[in-house]
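Please walk me through the salt bridges of this model. I have the viewer open and want to know what to select next.

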Amino acid sequence: MSFGRAASQLERLALASHRPSFLKLPLFDTRNGSLSFLVTSQVCSRKFSTSLPVTLPDLPVQAQRRVPHQKLAFVRAHIHDALDSLDESLPERHPLREDQVLRVLDVLASSARPRDLALIEKVLANFTSLCGLPVAAEVHSHIIRGLLNQGNPQTLLNWLVQMRQKPGNIQPYLQHWHMFLEYCADMGHVRIIRTALSKMAHSGCPPNNRTFKIFFRAMFNSGASVKDFYGAFDNIEKYTFWYDEDIANMLYDGFVKLNQTQQANEVKEEFNRRFLKRVIKESPRLVEWEESLALEVERRGMVEAVKLCRSLQEDGYKVHHRTLSILLRRSHDISDLKYAEEALDLKPSAFHWSIIIANAIRAGNLSSALSSYGQFRATGLPLSAPLLQPLISGLCNAATSSCSDDLLDQALKLYHELACSLPPVDPNAPPRRENLDFMRERSVGPDAYMYGTLLRAMGSAVDVQKYSKVAISLLSAVEAGAIPHTPVILASLIVIAMRCSSSVDEALEAYRRLARQKNIPRITAWDYQWILDTLSKLTFGEDRSLPPIWHYFEIVKDMRLSGLAVTPTIYAQLLKHLAQLAPDVPEAMKDRLAACVRRVHDHLTLDPTITPNISLWNQLMDSYQRVGLFAEAYRVWEMLLVSENFDHASVSIILDACGFANAWPLAQKVYTRLSERSFLLNQGNWHSYVECMCRVGRLNDAVKAVCLQMGQGQKDVAPNVDTIQVLLAFATRANQQDEVLYRIQRYLPDLWETLPSNLEGVIIKPN
């Protein structure tokens, strides 16, 4: 990095460090000890939600320190009190105001520990009961700001990607993404911005020109080269992107400030060469109008957006096919398409139908997407890859997750419909392309993305042998169409070849033959993960052999040599498979299985490039306990406890381990040390603790804990039918089921009333 660039970054960070933090200390009212610590003079933005959208505030760009433990424990305790009070409250009464709940979310998000992220989801699930209002986009804005204070971009990216599945089912807005991307740009996190761009497009919220300005700013902050910028141009060509002279000047000025005038001219000329054809020739206000339409349909829906469109028409806006695309951005039902068609008097194209189908797939409604496709065929419009790709992807993903080759056959049928609808391929002719929207183009016929989708599904098929010949025919079609191979196509062929091998050595040789060719696409990290997972699970005949550890790490070495970071998942998936083998492994192989787990731990310890996360440590601890190495499992737990880097899953694993190892004193120690840290057990933890007591012969203590301790102060973890099943499973072995049932009836009468008359063969309530 040049001195000038370093100086500019230091100046920027110095200014950023003086911005005010969003996190304010809670104030506790010592007079009544209530939740008044959450009272703030800030006015909640929700009351303005019926007016124009509120502009999101600027964000601090420097990661803040985590919330102090004492304050965090205080907030946890009080929000747990509020949640516990819900059962006792009248429906029309709410224990908190919205601004108080938002302050809690700020504090928990600024911690971002696994237990606090889990508590945030619990608060969201009970948001309406807590304050009487639904979860809205502004609520997630508070959480995002808190996560930015914590400073882990991967945690925040995960939150944005999973927002739609969280309580409230809110799809992230462009403002949410830009809050995150601005932070990443200030920190120079170019790689994670690249990942975010693809996630945005996949989520139905494609990046726009402002997004790419942020992207280029991040590249300058990271010290990117001219070659890197050319690679970025390759990346954004597939997205919606209007030519913007301000961006061209931004690129030029960025290099000039670094005293690189020649590079400045080169980059600006290359940018203009690629994107000048995307210049807007209509009204200069077109971008502004269409961005306002996109925001309106995002915030208020189709009907209000159509009203705004009519208002803009009075100012000179002319509706066209892009207008319909904008209005359908969040729609996944044909009724929206028909409403917009009638309201704007526009005939939808195949591309507009593809938006509806793609959105239905994103919403997880495959049947609706197939129904829409059926209605599309009745229109007589021509088939194309952009229309069928979402359907084929949805069918292939469903085939993989449900282990159903029938769905894969249905996807192949759609592919053949498309291939047969097109004239024969002329290798010397340029590929036919369809203008999708916003100056983007895509091949009309099957392309590399479609072939990759189908081949990947074949690699995961139940009957891989059945599809090996189909894969060869698809590969021939790829060659005939002069379609370039992609990493997905290469990885899929490797996996299919490995699964069709007759031995581990043959599978590894297939990998070497395909992966180490010259002039082939570079295998991605995700594809390496898939290849490695396939290798670890290979079985031949009835011999359920142990995974080939040395072969596995030979491929890991290739991954590292290719310049890719080895992720925790690479280790965790192998450890998980070893743990799954433990229950059925022959006695003669148990020592070898335990040695395999130790060997993986050795590789992990000696790998300086990886930082294990909680999930990886949990998997290592679980694998150790399942193969009978309790001492090693407990050492991992001690390390997690000291570093406070554990979650509820960690607690359940170590309590299970103590039970199977007959280590009651250590289980007591685990419980005591968690209590000292004010760690609240969830229901799974309590079940593990109760089962541990039963396993070590302390059935009386287990019954006492269930009747007198479990659920005290935590109504959501009160004993249930599963708890009673655990007790009875051990009580029947000692012929003490009658005593256990008597105590449950006496101390837990409400639970007793809900129990069935017969539970797992034990008569609970005789007729």
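Start with Glu691. Its relative accessibility is 22%, so Glu691 counts as partly exposed (buried is under 20% relative accessible area, exposed over 50%, partly exposed in between; 1.4 Å probe, protein chains only). Helices here are DSSP runs of H or I, at least four residues, numbered from the N terminus.

Next, select Glu509, Arg512, Arg516, Glu554 and Asp558. Salt bridges with shared partners join them into one network.

A note on the model: it is predicted, local features need pLDDT of at least 70, side-chain atom pairs need 80 or more, and totals for chains, interfaces and linings use all residues. Residues are numbered from 1 along each chain as its sequence is written, and side-chain values use heavy atoms, without hydrogens and water.

Move to Asp527 and Arg456. Their closest N and O atoms are 2.6 Å apart, in a salt bridge. Asp527 lies in helix α26 (residues 525–536) and Arg456 in helix α22 (residues 448–459), so the pair ties together parts 71 residues apart in sequence. Are these two residues buried or exposed? Both are buried.

Last stop: Arg210 and Glu182, a salt bridge at 3.6 Å between the closest N and O atoms. Arg210 belongs to helix α10 (residues 209–221) and Glu182 to helix α8 (residues 174–187), so this pair links parts 28 residues apart in sequence. Arg210 is partly exposed at 42%, and Glu182 is partly exposed at 25%.

How values were computed:
Salt bridge = Lys/Arg side-chain N within 4 Å of Asp/Glu carboxyl O. Helix = DSSP H or I, 4+ residues; strand = E, 2+ residues; numbered from the N terminus.
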